[in-house]
Amino acid sequence: MKACQCILLLFSCQFLYTLALDCEVIPGTLKQIDVGLGLVGGVNNDNEVFLYLGNSFVRINGSLKHFTVGPAGVFGVSPANILFKFQSGSFRQIQGGLKQVDAGSEIVAGVTPIDHIFCVNKDANSNGPSGIIPWTQISGRLKYYSCGPYSCWGVNSQENVLLKRNVTGSACGGSAYFDIINGTLSMVEVATDGSVYGVDYQGSLLQRLGVSPSNPAGTGWQVIPVCPNRHKHVAFDLGRLWVICSDGSIRRCT
């Protein structure tokens, strides 16, 4: 009888846990998604670019393998690692060769095809696409880098998770060193409110708990089951979690 009660209790807890998020399937397929300031966009396996307008994803002109939107603007990276900024209704090429870019804070940051890390301060980014952009190189190597209001998080080729503290609009390089965070991830995203989410090599979706300006490293990881199988990509904005599943399907959760 006690064994039965334990099994029922475990099932009940798991059942409630899986229902913690209310998710809906959004028509379409994507391989990568980003959200910020109420805007949602992403790219599919054919490098076609989509924005979520009204109640559906609408294709826009451009060919990108990575898309980002946030306080720093709207940017994308082409299959040839050419960097673009969206201005005056179209993507315009700007200086820089990146494979992944992030605009989730006041700065622009990203990584090159050989995992070098670069960022641009707020004032330099505000000057527009013309002229030479004063990129700041950050010591270390990462395959994915994402920034929020007070810190940046990255993942290296060994899938170690690293944290850069004291990042500001006028000092995008932040502190001198990266902190190593427990756990492993394939990608990580920092939202405009500082929330941190990621996907590991097994396709599990995780959220970093306890993240705050006084404790940017947080306290631990929590698994969030959204997709029926594995997860591929994640982004968060304005109380909504956007998730790309391993089959490319899109889910929006609250």
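## Confidence

The model is predicted, so local features need pLDDT of at least 70, side-chain atom pairs count only at pLDDT 80 or more, and totals for chains, interfaces and linings use all residues. Residues are numbered from 1 along each chain as its sequence is written, and side-chain values use heavy atoms, with hydrogens and water left out.

pLDDT is the predictor's confidence in each residue, from 0 to 100. The protein chain averages 91. A score of at least 70 is reached by 90% of the residues. Residues 1–19 stay under 50. For that stretch, the model has five contacts (heavy atoms within 4.5 Å) beyond four places in sequence.

## The largest nonpolar core

A nonpolar core joins buried (under 20% relative accessible area, 1.4 Å probe, protein chains only) Ala, Val, Leu, Ile, Met, Phe, Trp, Tyr and Cys residues through side-chain atoms within 4.5 Å. The largest one has 28 residues. Trp 153, Val 188, Leu 205, Val 234, Leu 241 and Val 243 touch the most other members. Elements giving it two or more residues include β15 (151–155), β20 (205–209) and β23 (240–245).

Take Val 243. Not counting residues up to four places away in sequence, Val 243 touches Leu 205, Val 234 and Ile 250, among others.

## Cavities

A cavity is a set of points on a 1 Å grid over the protein atoms alone, where a 1.4 Å probe fits but cannot get out. Two cavities reach 30 Å³ or more.

Definitions and conventions. Buried < 20%, exposed > 50% of the residue type's maximum accessible area, 1.4 Å probe, protein only. Helix = DSSP H or I, 4+ residues; strand = E, 2+ residues; numbered from the N terminus. 1 Å grid on protein atoms, 1.4 Å probe; cavity = no way out; pocket = protein on both sides within 12 Å on 5 of 7 lines; lining within 4 Å. Points joined across faces, edges and corners; volume = space filled by probe spheres on them.
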